[in-house]
Amino acid sequence: MTQKVRVRFAPSPTGPLHIGGVRTALFNYLFAKKHKGDFILRIEDTDQNRFVEGAEQYIVDSLNWCGIPFDEGPSSPTAKGNTLGKYGPYRQSERKHLYKKFALDLIEKGKAYYAFDTAKKLDFHRNDHEKKGKTFIYNWHNRLKLDNSLSMTPEEVQRRIDAGEEYVIRFLTPPDEKLHLKDIIRGDIEIDTNTLDDKVLFKSDGMPTYHLANIVDDHLMEISHVIRGEEWLPSLALHQQLYDAFGWQAPQFAHLPLIMKPVGKGKLSKRDGEKGGFPVFPLSWNESVGYREAGYFPEAVVNFLALLGWNPGTEQELFTLEELVDSFSLERVNKSGARFDPDKTRWYNQQYMHQKDDATLAEAFQLHLKEKGITSTSNDYVQKVVSLIKDRATFVSDFWELGDYFFVAPTKYQEKAVKKQWKDDTQEIMQNLASFIDGIADFSSENVELEVKKWISEKELSFGKVMPPLRLVLVGDMKGPHIFDIMALIGKEESLERINKAISALA
């Protein structure tokens, strides 16, 4: 690979970034870093009607949160013209002065033409075709019958332009040719040019279409590989023809498979997330919760996205970002769509939860505790709680449900458990146990367990008569880690208080 690898992620700021877009950015990033190349962010905002305030900042924040920052791009979403890198500006709206020149170059080369057809006229043709059960295509078949410069003298064309008539510039697709295209993921593709339409390259509002702008920008920014979603595959023929028409070397193309719905059919959408109760955006957007706010670790999101459509060729499922960079290749990206599995995404988060040290998790959990009004608990205590319950958790937010009793004494007791565990003699057993516990000096988990089990044996009681009720009175339910770990952590005084309180409440 002699040419330096330069790839770009080129989203439109029309709303939140879907995780399919994040995966496209990730695959571009991995490919660039694998080959010691550059990862570029370009904002494709030629369609000003669909521009959404804040969307560009959201894109930047999403990439940064995922830990896949760009090497070149707009330095600040709010600052015009500021760029990171010498190929800027990186917003197409700030490059619009470039595109008309290239559109006119194509006209001079006989590769494009002016079209004056009004929207009303085109609608008439579409409706007329629909009545006959056909699809209207503006191409070699009918373009000489339509209102364009192909059937006019240059003088007539100039007169109409000078008169202020609105026009677009269309690409002149050659008829009766077979295009032989290459895609790194999909292999060789053959297209009959007779099936293609003459796409608009330059709009009547003075802005280029995506097709022209992205070709010009990719060329001027020296992009070596275009790695993008499968939805752009139908545009590949036009884009290759544009490179050929300009006489430019085309980049190598790779079209990524779609991320499919959990049921396997159709592209994953925001509605699927709403119905299934899982995020489809990296960060929250309006009423939609993002992966960050849902409690996912960015490393887990990157890991599961990497394996949506890419196969490392091994059984390995957990990868650091560095390992992904080392292992990644476009040749191992699948052609077929990748089914999104919400359960698997939660599994990934759980695996990363287990890898985190207790101090990091405790710090994150302290934020949840503050929301519950618990502000006086030491970090050391929270770390000890986390160490006991993290194996059962998927998210930091699960810690409260799993271990609220470490911070607040139960005020009610699980009804089914009470019916099953609180027998006629339980109150007396708990009273006697409380008296015994009060006399234990060393209140470490190991010692309390040893002493209590010895006491049960001496009293000739079954463990079933003591241990489940003891958990019930301390926790309020039949959940939680090793009961003696709980007792050691909350301490003797709190343990006795809870036992006595339950005796009164359940009497």
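The model is predicted.

Start with the backbone in a loop. Between β4 (83–84) and α3 (96–108) sits proline 89.

Two other loops hold residues with a positive phi. Aspartate 176 is one of them, with phi near 60 degrees, although aspartate 176 is not a glycine. Look for aspartate 176 in the loop that runs between β6 (168–171) and β7 (178–183). Is aspartate 176 buried or exposed? Its relative accessible area is 63%, so it counts as exposed, since the cut-off for exposed is over 50%.

Glutamate 460 is the other case. Its phi is near 55 degrees, again positive in a residue other than glycine. The loop between α17 (445–458) and α18 (463–475) holds glutamate 460. With a relative accessible area of 74%, glutamate 460 is exposed.

Other loop residues are buried. Find glutamate 44 in the loop between β2 (38–41) and α2 (55–66). Its relative accessibility is 4%, so glutamate 44 counts as buried; the cut-off for buried is under 20%. What surrounds glutamate 44? Leaving aside neighbours within four places in sequence, its contacts are Ala10, Pro11, Ser12, Pro13, Gln92, Tyr210 and Asn214. The side chain of glutamate 44 also has a polar contact, at 2.8 Å, with the side chain of arginine 42.

Setting aside residues up to four places away in sequence, threonine 209 touches Val200, Leu201, Phe202 and Lys203.

Now turn to the helices. Two packed helices are described by the angle between their axes and the distance between the axes. Take helix α1 (residues 19–34) and helix α9 (residues 298–306). Their axes come within 10 Å and cross at roughly 85 degrees. The two helices are therefore roughly perpendicular, as angles from 65 to 115 degrees count that way. Which residues meet? From α1 come Ile19, Val22, Arg23, Leu26 and Phe27, and from α9 come Val302, Leu305 and Ala306. This contact is made of 7 nonpolar residues and 1 charged residue, with no polar ones. An α-helix has 3.6 residues a turn, so residues three or four places apart point the same way.

A second pair crosses at another angle. The axes of helix α13 (residues 379–389) and helix α19 (residues 483–490) come within 11 Å, and they cross at roughly 175 degrees. That makes α13 roughly antiparallel to α19, because angles over 145 degrees count as such. In α13, Tyr381, Lys384, Val385 and Leu388 take part, meeting Asp485, Leu489 and Ile490 in α19. Here the contact divides into 5 nonpolar residues, no polar ones and 2 charged ones.

Next comes helix α11 (residues 342–355). How far apart should its ends be? Its 14 residues should span 20 Å at 1.5 Å a residue, and the end C-alpha atoms are 21 Å apart, so the two values agree. Several of its residues are buried, among them Pro342, Tyr348, Asn349 and Met353. The elements that cover the buried residues of α11 include α9, α12 (358–371) and α14 (398–403). At the start of α11, a side-chain oxygen of aspartate 341 reaches to within 3.0 Å of the backbone nitrogen of aspartate 343.

Is arginine 498 buried or exposed? At 3% relative accessibility, arginine 498 counts as buried. Beyond residues up to four places away in sequence, it touches Tyr405, Val408, Ala409, Pro410, Tyr413, Val473, Leu474 and Ile490. Ile490 is also part of the contact of α13 with α19. The side chain of arginine 498 is joined to that of glutamate 494 by a polar contact of 2.8 Å. Phenylalanine 202 is touched by threonine 209. Between arginine 498 and phenylalanine 202 there are 76 Å in space, C-alpha to C-alpha, and the two are 296 residues apart in sequence.

How values were computed:
Residues numbered from 1 in each chain as written. Predicted model: local features only at pLDDT ≥ 70, side-chain atom pairs only at ≥ 80, totals over all residues. Heavy atoms only, no water. Helix = DSSP H or I, 4+ residues; strand = E, 2+ residues; numbered from the N terminus. Buried < 20%, exposed > 50% of the residue type's maximum accessible area, 1.4 Å probe, protein only. Axes fitted to C-alpha atoms, helices over the stretch in contact; angles between N-to-C directions. Parallel < 35°, antiparallel > 145°, perpendicular 65-115°, else oblique. Contact = heavy atoms within 4.5 Å. Nonpolar A, V, L, I, M, F, W, Y, C, P; charged D, E, K, R; others polar. Expected span 1.5 Å × (residues − 1). Polar contact = N/O pair within 3.5 Å; in protein donor to acceptor, adjacent residues only side chain to side chain.
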